[in-house]
Each structure stands twice: as C-alpha cells, then as structure tokens.
Amino acid sequence: MGLGERLQYLDRRVIFLVILLVILIPYVKPIGLPIRVSKEAAAFYDAIERVPPGSTVFLAADYDAASLPELYPMTLTAIEQCFRRNLKIVGFCLWPGGPPLLNRALAEVAPRHGKQYGVDYVNLGFKDGQEAVMVMVGASIRDAFPADFNGTPVASMPVMHGIQNFSNVHVLINISAGYPGTKEWVQQVGSRFRNALGQSIPIVSGCTAVSAPEYYAYVNAGQLDGLLGGLAGAAEYEKQVGIMGTATRGMDTQSLAHVAIIAFIILGNILGRGAGRKHAA
Amino acid sequence: MLRRELPLLITLVVGLFMVVGLFVPQRHFTAGRSEFEGWAIIIRAFAAVLGVANLARISALRIARRERDWGYQLPLLGGLFLMMVLGVAGTWFPAPLFGIGEGSLFNDLYLNIYVPMQGTMFALLAFYIASAAFRAFRVRSLEAGLLAVAAVLVMLGRVPIGALIWDHLPAVSDWIMNVPNNAAKRAILIGAALGAIATGLKVILGLERNYLGGD
Amino acid sequence: MLPESFLITMNGIFTLAILSFLFRDNPVYKTAEHLFIGVAAGYYVALEWQNVFQPNLWQPLVGAGDASPRWVLLVPFVIGLLMFSRFVPRYAWLSRWSLALMVGAYAGLAVIGAAQGDLIRQVEATMVPVIATENVPWFDPADPSGPSAINNLILAIGLFASLAYFFFSREHRGALGGIAKLGIWFLMLSFGASYGFTVMARYSLMIGRLDVLIREWPKVAPGVAQFCMGLFVVGVAVAAVLEFRSRRTGGGMGAT
C-alpha cells in the first residue's frame, strides 16, 4: 500500500489528534487576529441602541447547554448593552435548559451596574408550549408567566409594573438554538403584534451558526432587525460593545480550525483522485 | 365514535378556532383563545412528565429482567430521582438543599453534570466533521464543486484569518450569504410554508389521521 | 451550595468521560451518558413542576393568595391526566382526546405562522426592483451584498429557479429541466454556505469545552485539574498502545 492509500484509510483517531493539536495552538500562543463587524451584527447592536433609556425589553433565551459556547457570550453581551443603556430586562425561556443559564448570565452582569432583581430585571423561567406561549406573551405575558423562575408572583415586582405584552416593550431580543426559536417568533409574533411605538415588534436574533444561513432570508425581508450568527457573530457583538469576552478569544482557534478543515478537504480529494486513477489503471 | 370520530372532531374544532381567531379581533373570542393557549401549556407539561415516566418504567423493567447492560440503568434512575426529589420538594422544604433557585444543590448539579456532558456530546461533532471532511467530502461533479467553493469562501470569510488572506474575502462571503444563499433559502421557506399550510389543513380537516395511531 | 473547586472538578471529570468516546466506546463513557440522561429527565420534571404545574395550574385552581379559585382549569387538568391512560392498554384510546386537542391547536398555529410569517412576507420581499431606480443603484461597490438591481435580479432568478427544482409534478426536461438545473446550482451554493456555518458551529462547541478544561478548571482547582487531565492522557495512551500491540499480533478490534 502506497503512502497515499495509507493516508486515505488513516485511523480516524489520528485525524482527531491532529485537529486537537491545531485547536490547542492559540491557547499556547494567542494570535489576536482583528475582528470585522458584519452588517447584520451592526444592525443587532443598533436596534438595541435605538431603545430609549428606561424602557423595557424582552429577552427570550431559547437555548440550552448544547449551544452554550455560541449563545452564552451573546446573552452576556446583550445584557451588558441593555444595562449600560439603563434598559429593564424581562427574561424568559422556551427551552427547559435555559433558565439556570439565564440566571447565571444576569447574576454575572447585574452587580457591575448596580442592578437589582425584581426592580431592573427578572427571569420568568420556562414555559412548555412553544408557539402557544409566544402568542400568549403577545396577549398577556402575566397570564403566560404568573410567577418568576423562583415562584414569586410577577404582580409584586416593580420591573413588571405596566408590562402586559409587546405593546409595552420596544424590542424582542431572541437568543435561539433551534426550535422553538427565532423562526417561530418571526412567524407568530413578527407580523401580528405592535411594540410601544406602534411599529411591528422589532426582533433581533442571536442564533447558532447552524441556523444562521436560513435567517438571512428574514433579515433581507425586514422580519429580523439584526442577526448574530454563531461564535463569529458573538465576537463581532463583543467588539461593538467593547468587551474582550470568550467569543473574541475563541476566534483565533476558530480561524485555525477552518483552515484545518479546508486542508483536510483538499488533501482528501487529492488522495481520492490518486487512488481512483490507480484503480482505473 | 369515542375512539375515532370524537378525536377528529376535537382536532377540527380546536384547529379552526385557532385559525379563525386570527381574523376575529372580538374581545371575548380573543380571551377564549388566550385561555386555550394557557391550557396548551399545561397539557404539554403533562406530556413531558409522561415521557419521563415511560423512561423510568423502561429502565426499571430492564433492571428487573437483568437485561444486557442493565447496570447502566442504575445511574440513570439514580440521577432521575435525585434531581426530581431535589427540585419538586422545594415546594415544601427549604433552600438551598431543595428547590431550583440560584445557589441550590439542584442548580449546582444541573450546571456541573448536565451542562458539561451535553456540551461535550455536541463538541464531539467537531472531530467527526474533520474526519468526514477528509474521508467523505469528494468533489466529483460541478454541483459538488460549487458546494465546496461556497463552503471554503464562507468558512474563510467569516473568520478573521479570511481578511488576512484577501481583503475582499469577507465581502465575497457576505455576498454569497445575502444573494445566492438568500435566494435558495427563500425558495425553501416558501416551499416549506406551502407544505405546512397544506399539512396543517389536512390534519385539521381529518384527512391526515396518522397521529391517532391504529385502532 | 457546594464548594466551587468540587463543582468545577465534577464538571471537568464528566467532560473527560464524554471525550473518552473519541478513542472508543467504553464503560466510563456509558456510565456518564446514562447518568446524563437520568439527570436531564429529572431536571425536566422538576422544572415542569415548579415553572408550569404550580404557577399555571395548581395555584390558580385552588385560589392561592387572594385570588378566587379558577375551576375552569379542571378541564386541562383532566385532559392532561388522560395522557397517562397510555400505560393501561385497555384505556389507552382515551389519550387520543388529549393528543387530538394538542394536534389541532398546533396545526392551527402552524397554518397561521407559515402563511402570515413565511409565505406572504417572503413573497412580498422578493418584489423588488430589478433595474436601477432613484433609490436602488445598479450595483453599490461600497456595499456589494446590499440592495442593488443586479443583486435583486440574481435573487429573483435564483428564487424562481430553486422553486422550479422543487416542482415535481412534471418531469425536469426541456425548459423546466434547464431552469431546475440552475436552481440546483443556487441550492448547492446555499448548502455550501450552510456547511461552512455548520463547521463554525461544531468548533465553537469544542472551543467552549476547551475553555473549561484549560482555563477555568486549573484556575479554580489547581493541581487537581492537571492530575485528572494527566491521568486521562496516560489512560488513552496506554489503551492506544495495547490496541496497537493487539492489532500487530492479529487480535482485537479497533476504530476505523
């Protein structure tokens, strides 16, 4: 068996080892490549910047641990931006794994800005119902979420005073890993409900890179006001808010990993062609 | 009648109520619809518990029958009952030992057992995608070539190294995402929307009955 | 509630247990996997109890606090309980009523969502100028992917060609065949873009785990982290050597 053929049938664990070594390089020697902000990420940032200080936003954290590395940095950065602008956050989750992660994100950022739970922000927890919950939030969020994640009635919380549905908030920030998520918010809520300014409720989405290509159609149609796609989107957002977070630090590794995959594709095709010609001969 | 026709009638009435509700802004109708959505949330919760109860039943049977690898069902049932008791008992017993809030044992176990394991299971895909790229990604036709070229341009354009290789690479990647990708994804969205409307109407009208199962 | 160093060590050990699958399926991985399933299921039930049953059903039903009891909630309560009839084969058909209600509700929501959110808005968004106008240039070099007549034309052609590909009521021959072929090319460009984004997603997940193993764990539990990871590496190396030896002597299985 020639070298080419041996390489073609290489034990996949050797490939795993090569990939592991490649992605470990930036941990030993950080590169610090500059990050370019895309149009869609800039639009996400601008949509929140346009919200008047003192207003309330809805933050739907529709993800769980499987998408944590991509979506948790987006959640942290969104909360940071909202608190800097003195916006109140009403957070909730349509994925069961979401509430403790949202709790952790809010608890991490709030003390830096002197924000108080129940006064400046709240985590309403999880509801199982997908699209039904979305439509119900549009009619009455208090009927959908009568208590917060810890069981405290929302009627007793200052942050929920005057908040009945979308007509009392300015924007919906959706951090989404799949179903239910951005697509369903756009379908069920985007065309149907108005915000505090009487406009169609602006929806901005931070989503996994797997979902992002599909949502470009929504951005182009004006159904989404901004889009962050995957870790790169999270890094672009961190740059705009001025944070050196986990997403920014991960972009060096991401760059090298992509180059490695392209190298594997090219090498696999070269070796495959060589083997094909040999068999034909 | 009760086994077949009544469920179909329920589907018809409920489905039409949800669709017609969009066109009827009358206060009582909207309130009724909203009440109904609240019921859907509650019933879904029962469905979730049903799923877990079934899992526990199957695990217990495997242990009772000493089936192959029955030993692995012990940590499954142990973890299930531990989390359930810690979380549910929070209604009657005090935090932080019981309950689901921040700082509780339930929360700690979720963040340090569930989160790392689910995260790592999906992280394994990074290695398998590399292996698949090497062994299975073969460019043998024009169409496959287009796919490969688009993949390479987008992969490089979306990360910082792309701008170092060629100034205009990010712009090319953006163009691919916003024009040809947009066109194809929009076609898929429109096609899927037509399919969803057709299937939804078939289910509501009782033409599609597979969800009822056999008699 | 538990010390941070203990929690992060638990986090790290379970991460390594799942990573061991990369070498080969093994009892450590299987045990961790089954524990994960159990913890996930128990978590889900507890969350449903605290976040749905209590605030949305039980408390309004019995009239907790100053509120009067809402007896109408007995209806979803009974319908939900009917789901459990599936465990008794003789009465399993009762669960069809619950199922019918849910299927009808979500079919209705799906019809509305698809029609209003996807179909109408996406078709509307395609009705854009394909020749230059006052507000739309032929092409904008400052924003090559932005709205311009050329981009709109390519978008419209690509959309119709891709839709033509999915039209299977007629054989793809002649003019329809040619347009469908063009549609396939647009679809391939789109799938290539999706592949690129998928690669990005998968590596992000690995980066997240490496952050915990290499940055957080040694910081919070120094010594313990290095020991556990060292043990893991030695364990995998020993297993690899043993497997290599057994292959050379002609026995044993290995991953291909």
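The model is predicted, so local features need pLDDT of at least 70 and side-chain atom pairs count only at pLDDT 80 or more, while totals for chains, interfaces and linings use all residues. Residues are numbered from 1 along each chain as its sequence is written, and chains are lettered from A in the order in which they are written.

Chain C holds seven helices and zero strands (DSSP runs numbered from the N terminus, with H or I of at least four residues for helices and E of at least two for strands). Its radius of gyration, 29 Å, is well over the 18 Å that the globule rule gives for 256 residues, so chain C is more spread out than a compact globule (the radius is taken over C-alpha atoms, and the rule is 2.2 Å times the number of residues to the power 0.38). The C-alpha trace spans about 70 × 70 × 45 Å along its principal axes.

Turning to the interface, 100 residues of chain C are in contact with 105 residues of chain B (C-beta atoms, placed from the backbone, within 7 Å). On the chain C side, α2(C) supplies the largest share, 25 residues.

The largest nonpolar core has 228 residues, and those touching the most other members are Val57(A), Tyr114(B), Ala130(B) and Ala46(C). Such a core is a set of buried Ala, Val, Leu, Ile, Met, Phe, Trp, Tyr and Cys residues joined through C-beta atoms within 7 Å, where buried means 20 or more other C-beta atoms within 10 Å of the residue's own. The helix giving the most to this core is α6(C), with 19 residues.

Key. Contact = placed C-beta atoms within 7 Å. Buried ≥ 20, exposed ≤ 12 C-beta atoms within 10 Å, placed from the backbone.
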